[in-house]
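Here is a briefing on one protein chain, grouped by topic. Look over the sequence and the structure before reading on.

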Amino acid sequence: METKDIKKVILAYSGGLDTSIIIPWLKENYNNCEVVAVSADVGQGTELDGLEEKAIKTGASKLYILDLKDEFVEDYIYPCLKANAIYEDVYLLGTAFARPLIGQKLVEIAKQEGADAICHGCTGKGNDQVRFELAIKAFAPDMPIIAPWRTWELKSRDDEIDYAEAHNIPLKISRETNYSKDKNLWHLSHEGLDLEDPMNEPQYDDILEMGVTPEQAPDTPTYITLTFEKGIPTALNGEKLGGQAMVTKLNEIGGANGIGIIDMVENRLVGMKSRGVYETPGGTILYKAHQWLESICLDKETMHYKQGVGIKFGEILYNGQWFTPLREALSAFVDKTSETVSGEVKIKLYKGNLTPASISSPYTLYSEQIASFGEDDSYDQNDSAGFINLYGLPIKVKAIMDEKRKK
């Protein structure tokens with residue numbers, strides 16, 4: 001589709017630096033096309049304040065603000081929690097969680113509005129361009145996608161600030177505080193500026209927003225009890241909580257105790273390494289508690305196999321492949337393995353650390369009688385000799401044959 005044929009564009013709009021300048025840029029470069037801004041409320045909080053006025057003032061015809069918080073937790077975060085989905089051992093996928101959901105909603109609004117194209121503000125170096133566009137392709141395979149960062153003359157965030165100033169676009173950042181951030185109900189990420197050099201220690205006192213450092217956390221531990229039903233957290237300290245309320249409350253508790261601060265260099269989908277600081281206090285508590293509960297509810301073979309599934313599940317989400325047959329098949333496996341993951345986990349939080357204080361489940365596979373070092377009637381220790389002989393037979397045979405070959 002040629003530029004002149006695009007009359008109406010749906011813009012994924014956050015009100016941040018990139019999307020703030022994209023509205024006037026689209027109108028300048030696409031024959032004064034109509035720009036309909038769409039903001040997904042996935043828990044950004046005050047970042048949404050004044051967004052409609054700003055979007056319209058900079059040239060949008062309207063702004064949709066979609067409240068997706070419940071759907072975000074129930075349909076994306078919790079399925080990944082059940083899978084123990086994690087990327088490169090530590091990243092709890094906070095940014096990646098929201099992208100398939102937002103991409104799907106962009107298509108819904110585009111069809112509703114009769115739009116000619118969908119636009120996003122993702123850079124050509126990042127993961128989010130892939131995540132958004134794969135979601136769009138899943139629901140509107142022929143929809144044209146506009147990605148200004150791939151084509152415009154602006155080459156840096158400083159250039160973007162220059163453009164904003166020249167067009168009288170208000171910004172909430174300055175050149176000195178120009179971190180690239182992503183915030184939602186689950187986490188907050190920080191990238192750019194001094195963090196681009198892995199030699200630089202993060203200035204946590206300046207950047208942390210969801211909690212404190214472990215050094216600043218209380219000198220006494222905090223205990224909480226989480227109740228799970230089929231892999232889903234349902235109650236905190238005996239109080240029933242929905243997904244949104246659960247994550248919000250655990251963020252408060254975890255943040256106050258210095259939980260969930262991650263500094264990592266990750267391998268982006270597009271091939272480069274990127275350094276970022278992530279705050280995920282509530283998510284860190286939920287993942288640990290869920291894994292501890294599984295340790296007594298799942299048999300060895302299922303648990304070990306599921307560990308590999310969690311790695312693959314994390315890669316699928318990170319790489320934007322949520323709407324694929326493989327992800328759906330893995331979710332079916334995870335749902336099956338979660339049928340017995342119910343019970344309570346009491347957790348001790350202290351200065352950035354989490355330890356299990358107690359774990360219980362009506363489906364526990366842990367037998368104190370069998371595991372005990374004391375005498376029991378269920379396990380004859382003499383049986384282990386025959387087991388070891390059979391289990392070690394391949395090693396024994398190889399050693400014997402190796403000795404024969406040396407003679």
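K348 stands opposite T355, a residue of strand β14. Strands here, like helices, are DSSP runs numbered from the N terminus, with at least two residues (E) for a strand and at least four (H or I) for a helix. The model is a predicted one, in which local features need pLDDT of at least 70 and side-chain atom pairs count only at pLDDT 80 or more, while totals for chains, interfaces and linings use all residues. Residues are numbered from 1 along each chain as its sequence is written, and side-chain values use heavy atoms, with hydrogens and water left out.

**The antiparallel sheet**

- Strand β13 (residues 343–350) and β14 run antiparallel and are joined by 7 bridges; two strands count as paired if DSSP finds at least two bridges between them.
- Both belong to an open sheet of 5 strands with antiparallel pairing, in the order β10-β9-β8-β13-β14.
- The edges of this sheet are β10 (239–240) and β14 (353–360); each has a single partner strand, so one side of each is left without a neighbour in the sheet.
- Between β8 and β9 there are 4 antiparallel bridges, and T227 has A235 in β9 as its bridge partner.
- The hairpin of β8 and β9 has 2 residues between the strands, and K230 in the turn has a positive phi of about 55°.
- Strands β9 and β10 are joined by 2 bridges and run antiparallel; L236 has E239 in β10 as its bridge partner.
- The hairpin of β9 and β10 also has 2 residues between its strands, with N237 at a positive phi near 50°.
- Of the 5 residues of β9, 4 are buried, so this strand is largely enclosed by the rest of the structure; buried means under 20% relative accessible area, exposed means over 50%, and partly exposed lies in between (1.4 Å probe, protein chains only).

**Helices on the antiparallel sheet**

- Helix α8 (residues 243–256) lies across β8 (222–229), β9 (232–236) and β13, at about 65° to β9.
- Helix α9 (residues 281–297) lies across β8, β9, β13 and β14, at about 40° to β14.
- Such angles run from 0 to 180 degrees between N-to-C directions, with axes fitted as lines to C-alpha atoms, for helices over the stretch in contact; contact means heavy atoms within 4.5 Å.

**The parallel sheet**

- Another open sheet has 5 strands in the order β3-β2-β1-β4-β5, with parallel pairing.
- Its edge strands, β3 (62–67) and β5 (145–146), each pair on one side only.
- Helix α1 (residues 17–29) packs on this sheet and touches β1, β2, β4 (117–119) and β5, with its direction at about 170° to that of β1.
- Strands β1 (residues 8–12) and β2 (residues 34–41) pair in parallel over 5 bridges, and L11 has A37 in β2 as its bridge partner.

**A surface patch**

- L393, V397, I400 and M401 make a nonpolar surface patch of about 310 Å².
- Patch residues have over 30% relative accessible area and no salt bridge, with like charges joined within 9 Å and nonpolar side chains (Val, Leu, Ile, Met, Phe, Trp, Tyr) within 5 Å; a salt bridge is a side-chain nitrogen of Lys or Arg within 4 Å of a carboxyl oxygen of Asp or Glu.
- L393 lies in helix α14 (residues 393–406) and is partly exposed, with a relative accessible area of 43%.

**The whole chain**

- The protein chain has 14 helices and 14 strands.
- Of its 407 residues, 49% count as buried.

How values were computed
Accessible areas come from the Shrake-Rupley method with a 1.4 Å probe; for residues, only the protein chains shown count as cover.
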